[in-house]
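Hello,

Here is the structure we talked about. Please open it first, then read my notes below.

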Amino acid sequence: MAKIYATTQQQVSARETRNMEKVRRIAADGMVLLENNGILPLQNRGQLLAVFGNGVRRMVKGGTGSGDVNSRTVVNVEQGLEEAGFGIGTKRWLDRYDNDCTEYGRQYMQSFQKVLQEQGFAGVNWALENPYRDPDVPEITEDDVKDADRDCAIYVLARTSGEGSDRKLAPGDYELTEREKENLLALTTLFAHTVVVLNVGGVIDTTFLRQTKGIDAVLLMSQPGCAGGQALSDVLTGKASPNGRLSATWAKSYSDYPFAERFSYLSGDLDDSWYRSGIYVGYRYFDSFGVMPAYPFGYGRSYTDFSMQVRRTEIQGERVCVSVLVQNTGAACGRQTVQVYVSQPQGKLDKPYQVLAGFAKTGTLAPGQEETVTISFALRALASYDEAAAAYVLEPGLYYVRVGAHSRNTHVAAALKLDEPVVTERLQNKLRPDCAFDVLRADPERFCSYPSEAHEKASALVLEIIPATIATKTAVYAPAPAMLTTDKTEPVTMDDVASGRASLDELVAQLTVPELASLVVGASRGGLMSYSTVGAASTACPGAAGDTTSGLIDSRGVQNLVLADGPAGLRLSKVFVADAQGNVIPGLGESSLGNLGELLGMPTPARPADAVDHYQYCTAIPIATLLAQTWDPALIEAAGDLVGEEMEEFGVTLWLAPGMNIQKNPLCGRNFEYYSEDPLLSGRCAAADTRGVQKHPGCGTTIKHFALNNQEDNRTHNNAHCTERALRELYLKGFEIAVKDAQPLALMTSYNLVNGVHAANHKELLTDVLRDEWGFAGLVMTDWGTTEAADGFKYGASSPALCVKAGNDLTMPGSQADVDAILAAVGKELSLAELQACAKRILTLALQCRKQRG
Ligand code: BGC
């Protein structure tokens, strides 16, 4: 019987109240003001506001799927505005829309139930592929506005998405619906001002918003977590300033993104994706190919203005330091983000126009107030990966350091001069594509520019890089693991290891092959499509995503590890029921899977007379993209800290977050769970999140989905083909930064194949690159159900035995078939030593948690 951590007290705890307040602050700081002609902040309070849109009452706090978090309360936009003292003059329209949604939802559930009746639990996939989306909004008529003040209307436009399917390039998703456009047009004639609030997880088409006269402000509220309505009111009223800056490029038109028409289902080929854009993703593409975006990477307006003045740029040993004086020159308070980019010299290798090298955010500056921020970065971080040499190299020439407030207003601060090539790191090519294909190469002729650029370059301060100051590192790859043996005959337990009476090696050496196999497969034995599993397979902590085995608790004292999603908070069941002895009664209480049991026609178990309700109310934090939009690692660390606190409270070991894939294309269904299109920003955010969580004893993060999980349609059987250079410089770089800066306790592999090999089976990726090159010391696990056999696909499922061979320590959520496959492979394609190595890493983590948590 597992220890129950949940409380039996139903009332709101001090921790819930405190964390909700934190979410309010963080969410406000990551909202991005895209347009404002002076209407914001709203000046008059207490008026009867006209508030419309599908995101007012049904505000999307975060996306769907495993990233959804079951918080007790969600303050929506209507409630947030009312709390701030506004009256809402458009309740009738909001009621009408609510009724439409209720009816639409009922019909959707009927269809879902039909599929479940036909297919059993496997029908859950139908819901992933056909996720519920609210219907289009009703028309706004004159009658709807008659109670509202005619000064300003607020229109909250919401979009949602989630794992398992990509977003649609269609009205209602990427595009506005005709009805939304008609409604917005109506508002611009009925009201003096119209403010549009975007309650979206990623990029949408803003053409109509930018072109329609009368739309006076556009605020990217993003998907802000459980205190979203309050945070939005704070920003709309000016109580908080919109300090967010975009973490991705918002194009004028979808077709402006590189190879836009070849993304996912648009290409007509869900089996193979070709990363033809190479290293040119996001601003790296837009800047290098002279395409002007609607809103550039790093962009965001403010209620005030700032000036920036570079005070000093210098080389200190292996690092470059840039000091910038920021002054608030406007009339309101605010924070500014200083962004430093570098343009590398063209050479044998082509380079983008510029890449982000560092950033810093000021504190809140009052009007007139100044602050000097210093941004520092390593020279070696400017190296490019040369596949021909299997090395990172700094090519000779001038490296221009640029400073600005976003990617399209950077100015040259200095030039760093390198006279000879420098190899910063010697590696081996480990990630070559499985077949040849063409990738983009930039042509400097097409680079974006601005009138003073040539002059800035010509007159830039030149600093010499001394090649000898940059040491060349050489990767050392570990030999295959050696088999562990022991002469000890007395059974070794974790107690013995913890107290120093025996070593972990001795414990591992004593484990039988069946014990080892059971350890490297998650505790669920029903497989993904058993009722207990999809994203909620834990028996130790109801609603958590899974556990490691409990099978060695009695014999060896190995406690199981509890794993729970992420990334927008801790995803657990809010309420569960246990008997008086503390045994959880499945099927009672509130499942994190909603009413799935009921839909499947499963009988509800009788409630014993001595049953006790247990509560696990967690906090829904903002989505990862909003966190990244804060550009504030300290704030993100605070978000991680909040999650870590709740993990400790509910006995969770690993948080299945943060998600940190590169936002390659805006239609990826999971972009909202990811930070940015830029690897440096992503890596810094993940490191900060990790630091916050790992401050808590026995708690760790699981950075995911490693790697190239940039498409959701057919995510399990998609072969992502990518050059080694793009992998290393772009798609893996954020993971590398997070590993080196913060040592997350775990990492989750992705469902897809990477250059022909399933990520979970990719030894070069997981052992050679992740562990040997980067020094990752934690545990690697699969994504849920990646080894489930599947017919009819060009590329099948990953193999449980090859997971072990590759160094993917844990197969989740686990099934008997996984265990059997591993047992059958030992002594054939899998050595005992390889199995022991994975088991040892799981036990190392279990030991660490035990020591820290007691
Ligand atoms: C998702 C993971 C998640 C896991 C457990 C999978 O469907 O891809 O991100 O952590 O489920 O819920």
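**Ligand site and cavities**

One oxygen atom of the ligand sits 2.6 Å from a side-chain N or O atom of Asp783. Please keep in mind that this is a predicted model.

Glu163 places a polar side-chain atom 2.6 Å from a ligand oxygen. For Arg715, the distance from a polar side-chain atom to a ligand oxygen is 3.3 Å. On its own, the ligand has 310 Å² of accessible area, and the protein covers 96% of that.

Next, the cavities. There are 4 of 30 Å³ or more.

The largest cavity has a volume of about 180 Å³. Its lining is made of 21 residues. Nearest its centre lie Gly202, Val203, Ala248, Trp250 and Gln663. The lining of this largest cavity splits into 11 polar, 8 nonpolar and 2 charged residues.

The second largest cavity holds about 50 Å³ of space. Arg159, Thr160, Ser161, Arg167, Asp173, Val200, Gly201, Gly202 and Gln223 line it. By class, that lining has 5 polar, 3 charged and 1 nonpolar residue. Gly202 is in this lining, and Gly202 is also among the residues nearest the centre of the largest cavity.

Best wishes

Conventions. Residues are numbered from 1 along each chain as its sequence is written. This is a predicted model: local features need pLDDT of at least 70, side-chain atom pairs count only at pLDDT 80 or more; totals for chains, interfaces and linings use all residues. Side-chain values use heavy atoms; hydrogens and water are left out. A polar contact is a pair of N or O atoms within 3.5 Å; within protein, one must be able to donate a hydrogen and the other to accept it, and residues adjacent in sequence count only if both atoms are side-chain atoms. Accessible areas come from the Shrake-Rupley method with a 1.4 Å probe; for residues, only the protein chains shown count as cover. On a 1 Å grid over the protein atoms alone, a cavity is a set of points where a 1.4 Å probe fits but cannot get out, and a pocket is an open set with protein on both sides within 12 Å along at least five of seven lines; lining residues have an atom within 4 Å of a point. Grid points are joined across faces, edges and corners, and a volume is the space filled by probe spheres set on the points. Ala, Val, Leu, Ile, Met, Phe, Trp, Tyr, Cys and Pro count as nonpolar, Asp, Glu, Lys and Arg as charged, and the others, Gly among them, as polar.
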